[in-house]
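Visitor: I would like to go through this structure with you, one site at a time. Could you take my questions as they come?

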Amino acid sequence: MGNYGHGDTSWFVHDRFGMFIHWGLYSMPARHEWIRNYECITNEDYQIYFDLFNPDLFDPKAWAKAAKDAGMRYFVITTKHHEGFCLWDTKYTDYKITNTPFGRDALREIVDAFRAEGIHVGLYYSLIDWHHPDFTVDPNHPLRNLPNRDELNEGRDMKRYAQYMRDQVTELLTNYGKIDVMWFDFSYPVGRNGHDEVWSKGHPERRSWDGKCGDDWEAEKLIKLVRSLQPDIVVDNRLDLPGSGDIVTPEQYTPDAQVTVDGKPVAWEGCQTFSGSWGYYRDELCWKDSKQCIDMLINHVSRGGNLIMNVGPTGRGFIDERAMERLAAYGKWMKYNNKSIYGCGPAPAEFPAPVDTRYTYNPETKRLYVHLMNWPFKHITLPNLAGKVKYAQFLHDGSQVLVRDNSKNVNAALNASCPEGAVALELPVQKPNQEVPVIELFLN
Ligand code: GLC
């Protein structure tokens, strides 16, 4: 594994909760950010969105406020997604926002607005580019089904494209102040580097129909450039270059335990959506409800991870009400319960969490947070905590929760169901008015 240096993840693993933003031309058709791939749209047919792009309700201060109110402490914005459209005033292509009717450098306004709210700044940059003339047509490319597809790659040169990426990344990491996160997306080395031969199966001559990997991005040069421009920056792990990333990035699923690499726990960030797609998708019906969204945050942190939750603003530039509702639910919960998230990670292994609960733990304050995912009836017993709890309270209102230590024999009947070494908490019959109530245990 190469050594390409490492960024400063200390703030990142403390802050735990971020906002992903996917915004580009695909916000206008509103049928998924992969629409060019799904519908095999040519550059010519896609041009209409560029020609008409004019988000008249664009208000990055409102986005930043929504993130801040939700309790999010960092954000990552798509400076360029797979469609190749650039949200900033780059020198290296005309395919940029300043050439649309909108005419402004949206990235600058977005970065300024989030910074003003004290939110760490992250940039997503797509390695894939379906618009760039040097990016070779491969099995993900919108032109893959054209009858002349084998000729399309003549004259395309991935080396020139790799230089284009370095030039753009240099702009991004030079002209926008301190950047805290760099999020490259993504490599698909199918048929390459000994990976599964799927697309080129039976057609070894079709080397160009394989996927793309670190060699195509000249990943080593790219990561060295990033680290030289912004030494502290946190970089994701999608360059297909072992040793180049600071964080592991499970996508659209929640790992069921602390993520490890070679048996060692690592910093990780689950990237998740409210409804499935990343870009604004008008007709999508599979929206998660507020409780699911809050559960996901708790699950990530209890397993040692971060959660970056995505919003896809509309083509007019606002975050639609379904997303705003869920952000508001986060905010309502985080306002009273964020101490169980910031600075927290998994509980020490000696304290297994009982069924229907999740633990998080703050090693500095030595507080253990019991998240009651499903409200129990009157009592809950927590193993291995006898003699170790100084005080317990609900996190949201600071009201005391009585702790029954079975060694003290206060209630014989209860003790019978409170095994040796456990404590029982006495709970009100009615669930407090919190989506997920949290009990804060002050450990000795
Ligand atoms: C993916 C998709 C994409 C999204 C990203 C976020 O790999 O290609 O559309 O931007 O995941 O993690």
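Visitor: Let us begin with Tyr 95. Is Tyr 95 buried or exposed?
Guide: This is a predicted model. In it, Tyr 95 counts as buried, because its relative accessibility is 6%, below the 20% limit for that class.

Visitor: And where does Tyr 95 sit, and which part does its pair with Phe 50 tie it to?
Guide: Tyr 95 lies in the loop between strand E2 (74-80) and helix H5 (106-116), while Phe 50 belongs to helix H3 (residues 43-52), so the pair ties together parts that are 45 residues apart in sequence. Phe 50 is buried too, with a relative accessible area of 7%.

Visitor: How many aromatic pairs does a search of the whole structure find?
Guide: The search finds 32 aromatic pairs. For Phe 50 and Tyr 95, the ring centres are 5.2 Å apart and the planes are at 10°, so this pair is stacked.

Visitor: Which residues are linked with these two into a cluster by ring pairs?
Guide: The cluster holds Trp 23, Phe 50, Phe 53, Phe 58, Trp 63, Phe 85, Tyr 95 and Phe 102.

Visitor: Changing topic: the ligand. How many residues surround it, and which are the closest?
Guide: The ligand is surrounded by 13 residues, and the closest are His 22, Glu 33, His 81, His 82 and Glu 251. By class, this shell has six nonpolar, three polar and four charged residues.

Visitor: Which side chains place a polar atom by an oxygen atom of the ligand?
Guide: Among them is Glu 33, with a polar side-chain atom 2.7 Å from a ligand oxygen. For Trp 34, an N or O atom of the side chain is 2.9 Å from an oxygen atom of the ligand. For Arg 238, the corresponding distance is 3.4 Å. The protein covers 94% of the 310 Å² of accessible area that the ligand has on its own.

Visitor: Tell me about Arg 238. Which side chains does it make polar contacts with?
Guide: The Arg 238 side chain makes a polar contact of 2.9 Å with the side chain of Asp 185. Another polar contact, also 2.9 Å, joins it to the side chain of Glu 251. Arg 238 lies in the loop between strand E5 (234-235) and strand E6 (260-261). Because its relative accessibility is 12%, Arg 238 counts as buried.

Visitor: And what is the peptide bond from Asp 185 to Phe 186 like, cis or trans?
Guide: That bond is cis, with omega near -15°. Phe 186 is in the loop between strand E4 (181-185) and helix H8 (214-217). In general, most peptide bonds are trans, and most residues other than glycine have a negative phi.

Visitor: On phi, then: what values do Arg 16 and Lys 366 have?
Guide: Phi of Arg 16 is near 70°, and phi of Lys 366 is about 55°. Arg 16 is found in the loop between helix H1 (10-15) and strand E1 (17-21), and Lys 366 in the loop between E10 and strand E11 (367-372).

Visitor: Are those two buried or partly exposed?
Guide: Arg 16 is buried, with a relative accessible area of 7%, whereas Lys 366 is partly exposed at 41%.

Methods: Residues numbered from 1 in each chain as written. Predicted model: local features only at pLDDT ≥ 70, side-chain atom pairs only at ≥ 80, totals over all residues. Heavy atoms only, no water. Near = heavy atom within 4 Å. Polar contact = N/O pair within 3.5 Å; in protein donor to acceptor, adjacent residues only side chain to side chain. Areas by Shrake-Rupley, 256 points an atom, 1.4 Å probe, with all protein chains shown as cover. Nonpolar A, V, L, I, M, F, W, Y, C, P; charged D, E, K, R; others polar. Phe/Tyr/Trp six-rings, centres within 6.5 Å; stacked < 30°, edge-to-face > 60°. Helix = DSSP H or I, 4+ residues; strand = E, 2+ residues; numbered from the N terminus. Buried < 20%, exposed > 50% of the residue type's maximum accessible area, 1.4 Å probe, protein only.
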